[in-house]
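Subject: Structure for your files

Dear colleague,

My notes come after it.

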Amino acid sequence: MAENKKLSIIAFSGDFDKLTAVFTLGTGAAAVGYEVNIFFTFWGLDAIKQKQGRSFTGGNWLTKLFGFMMGGLKVTPLEELVEAAKALGINLYACEMAMHVLGLKKEDFIPEVKDVLGVASFLNLSEGGQTLFI
């Protein structure tokens, strides 16, 4: 039986250490031939925002406050891992529900975000491989 080389990662946290783990595992797996899918939700969405750092994004005062509190990528090594993920063709997805709650649109994210998905769609995409929650 052939091994299905697929790794799906749910990136819930925007913390430096956790995003570093997401991109280290993802790029390592992609480098050895795995299909890698990363689903960014809530604070994990920070990693794929176009505007990095603290900014008032969103439609109303509450979503703008969330956008300011969330921030963005913190240091260069993490930015380099994100660039490696892009170069390796890792599939980046944004969580539709979290985007709605936070008042974000697909245009708020880097162009490499392949799609905006709901949880059920991501689970279908992940089927047959390993899934990690970070």
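The notes below go from the whole chain to the sheet, and then to a few residues.

Please keep in mind that this is a predicted model. The protein chain has five helices and five strands, and along the sequence they follow the pattern β-α-β-α-α-β-α-β-α-β. Of its 134 residues, 42% are buried. Among contacts between residues at least 6 apart in sequence, 70% join residues at least 24 apart. The accessible surface is about 7100 Å², and carbon and sulfur atoms account for 60% of that surface.

The sheet

The five strands make an open sheet in the order β4-β3-β2-β1-β5, and the pairing is parallel. β4 (113-117) and β5 (130-133) each have a single partner strand, so at these edges one side of each strand has no neighbour in the sheet. From one strand to the next the twist averages 20 degrees. Strand β1 (residues 6-11) pairs with strand β2 (residues 35-40) over six bridges, in the parallel sense. Within that pairing, Ile10 has Phe39 in β2 as its bridge partner.

Helix α5 (residues 119-126) lies across β1, β2, β3 (91-95), β4 and β5, and runs at about 155 degrees to β1.

Because Phe39 belongs to strand β2 and Phe122 to helix α5, the pair ties together parts that are 83 residues apart in sequence. With under 20% relative accessible area as the cut-off for buried, Phe39 counts as buried at 5%, and Phe122 counts as buried at 2%. Elsewhere, Phe12, Phe42, Trp43 and Phe133 form one aromatic cluster.

Asn37

Asn37 is also worth a look. This residue is found in strand β2 and is buried, with a relative accessible area of 0%. Neighbours within four places in sequence aside, what is Asn37 in contact with? The contacts are Lys6, Leu7, Ser8, Ile9, Asn91, Tyr93, Phe122 and Leu125.

Regards

How values were computed
Residues numbered from 1 in each chain as written. Predicted model: local features only at pLDDT ≥ 70, side-chain atom pairs only at ≥ 80, totals over all residues. Heavy atoms only, no water. Pairing = 2+ DSSP bridges. Helix = DSSP H or I, 4+ residues; strand = E, 2+ residues; numbered from the N terminus. Axes fitted to C-alpha atoms, helices over the stretch in contact; angles between N-to-C directions. Contact = heavy atoms within 4.5 Å. Buried < 20%, exposed > 50% of the residue type's maximum accessible area, 1.4 Å probe, protein only. Phe/Tyr/Trp six-rings, centres within 6.5 Å; stacked < 30°, edge-to-face > 60°. Areas by Shrake-Rupley, 256 points an atom, 1.4 Å probe, with all protein chains shown as cover.
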